[in-house]
Each structure stands twice: as C-alpha cells, then as structure tokens.
Amino acid sequence: MKIKDITAIAKERGISRTKMSKTRLIKAIQLNEGNFDCFATAQSGICDQLDCIWRSDCFDSAKGKVH
C-alpha cells in the first residue's frame with residue numbers, strides 16, 4: 001500500500017503522521033483499531049491474521065524489502 005493511502009487511513013482515524021515512518025504509522029493505526037501492533041514482525045513468513053489489510057506489505061517489510 002502506498003504511503004499516501006496509509007496517511008489517508010491515519011488521518012481518518014485522527015492519527016498525525018508527524019515524523020513517523022511507514023512502519024510506525026501502520027503500527028499506530030493497528031493500535032488505534034484495537035489490534036496488535038505487529039506490522040513487519042512476521043519474519044518467518046507466518047501470520048494468522050488472514051484478513052489483515054497490511055498482510056502483503058507486512059511480509060515484504062519483515063524481510064527488509066520495504067521501509
């Protein structure tokens with residue numbers, strides 16, 4: 001997901017992006033939603049959150065492909 005889209009989601013939830021990386025912003029959104037802030041932690045490629053909108057970006061970020 002592009003940072004523009006992530007920023008829009010954050011703004012809808014009242015989260016300011018000030019000096020937050022993509023990873024920190026997604027984690028802030030996850031917490032705001034009442035979820036675990038687990039983005040980019042699935043380093044083994046295993047995750048039981050099948051409906052997570054961050055899933056594909058999460059795996060790439062966990063492998064160090066996306067920052």
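Tutor: Happy to! The axes of H1 and H2 come within 10 Å of each other and cross at roughly 35°. Please keep in mind that this is a predicted model.

Student: Why do you give an angle and a distance?

Tutor: Two packed helices are described by the angle between their axes and the distance between the axes.

Student: Which residues of H1 and H2 make the contact?

Tutor: On the H1 side, look for Ile 3, Ile 6, Thr 7, Ile 9 and Ala 10. By class, the contact of H1 with H2 comprises seven nonpolar, one polar and one charged residues. Charged residues include Lys, so the charged one here is Lys 22. The H2 side of the contact consists of Lys 22, Leu 25, Ile 26 and Ile 29.

Student: Which residues of helix H2 are buried, and which helices do they pack against?

Tutor: Helix H2 covers residues 22-32, and its buried residues are Lys 22, Leu 25, Ile 26, Lys 27, Ala 28, Ile 29 and Gln 30. An α-helix has 3.6 residues a turn, so residues three or four places apart point the same way.

Student: What are the buried residues of H3, and which helix do they pack against?

Tutor: In H3 the buried residues are Asp 57, Cys 58, Phe 59, Ser 61 and Ala 62. Their packing partner is H2.

Student: Is Asp 57 buried or exposed, and which residues is Asp 57 in contact with?

Tutor: Find Asp 57 in helix H3. Its relative accessible area is 10%, and buried means under 20%, so Asp 57 is buried. If we leave aside neighbours within four places in sequence, Asp 57 is in contact with Met 1, Lys 22 and Phe 39.

Student: Which glycines follow H2 and H3 with a positive phi?

Tutor: After H2 comes Gly 34, with a positive phi near 90°. Just after H3, a positive phi of about 90° belongs to Gly 64.

Student: How far apart are the C-alpha atoms of Gly 64 and Gln 43?

Tutor: Gly 64 sits in the segment after H3. With a relative accessible area of 38%, Gly 64 is partly exposed, because that value falls between 20% and 50%. Along the chain Gly 64 and Gln 43 are 21 residues apart, while their C-alpha atoms are separated by 9.1 Å.

Student: And what separates the C-alpha atoms of Gly 14 and Cys 47?

Tutor: Gly 14 belongs to the loop between H1 and H2. Its relative accessibility is 66%, so Gly 14 counts as exposed. Gly 14 and Cys 47 are 33 residues apart along the chain, and the separation of their C-alpha atoms is 27 Å.

Student: Are Lys 19 and Ala 40 buried or exposed?

Tutor: Each has a positive phi in a residue other than glycine: near 55° for Lys 19, and near 70° for Ala 40. Lys 19 is in the loop between H1 and H2, and Ala 40 is in the loop between H2 and H3. With a relative accessible area of 85%, Lys 19 is exposed. Ala 40, at 16%, is buried.

Student: How do we look for empty space?

Tutor: Rolling a probe the size of a water molecule over the atoms shows where empty space is left.

Student: How many cavities of 30 Å³ or more are found, and what volume has the largest cavity?

Tutor: A search of the whole structure finds one cavity of 30 Å³ or more. The largest cavity is lined by Gln 30, Cys 38, Cys 47, Gln 49, Cys 52, Arg 55 and Cys 58. That lining divides into four nonpolar, two polar and one charged residues. The volume of the largest cavity is about 50 Å³.

Student: How much space lies in the largest pocket?

Tutor: Its lining is made up of Gln 30, Glu 33, Asn 35, Phe 36, Cys 38, Gln 49, Cys 52, Ile 53 and Trp 54. By class, the lining of the largest pocket has five nonpolar, three polar and one charged residues. The space in the largest pocket is about 160 Å³.

How values were computed
Residues are numbered from 1 along each chain as its sequence is written. This is a predicted model: local features need pLDDT of at least 70, side-chain atom pairs count only at pLDDT 80 or more; totals for chains, interfaces and linings use all residues. Side-chain values use heavy atoms; hydrogens and water are left out. Buried means under 20% relative accessible area, exposed over 50%, partly exposed in between (1.4 Å probe, protein chains only). Helices (H or I, at least four residues) and strands (E, at least two) are DSSP runs, numbered from the N terminus. Contact means heavy atoms within 4.5 Å. On a 1 Å grid over the protein atoms alone, a cavity is a set of points where a 1.4 Å probe fits but cannot get out, and a pocket is an open set with protein on both sides within 12 Å along at least five of seven lines; lining residues have an atom within 4 Å of a point. Grid points are joined across faces, edges and corners, and a volume is the space filled by probe spheres set on the points. Axes are lines fitted to C-alpha atoms, for helices over the stretch in contact, and angles run from 0 to 180 degrees between N-to-C directions.
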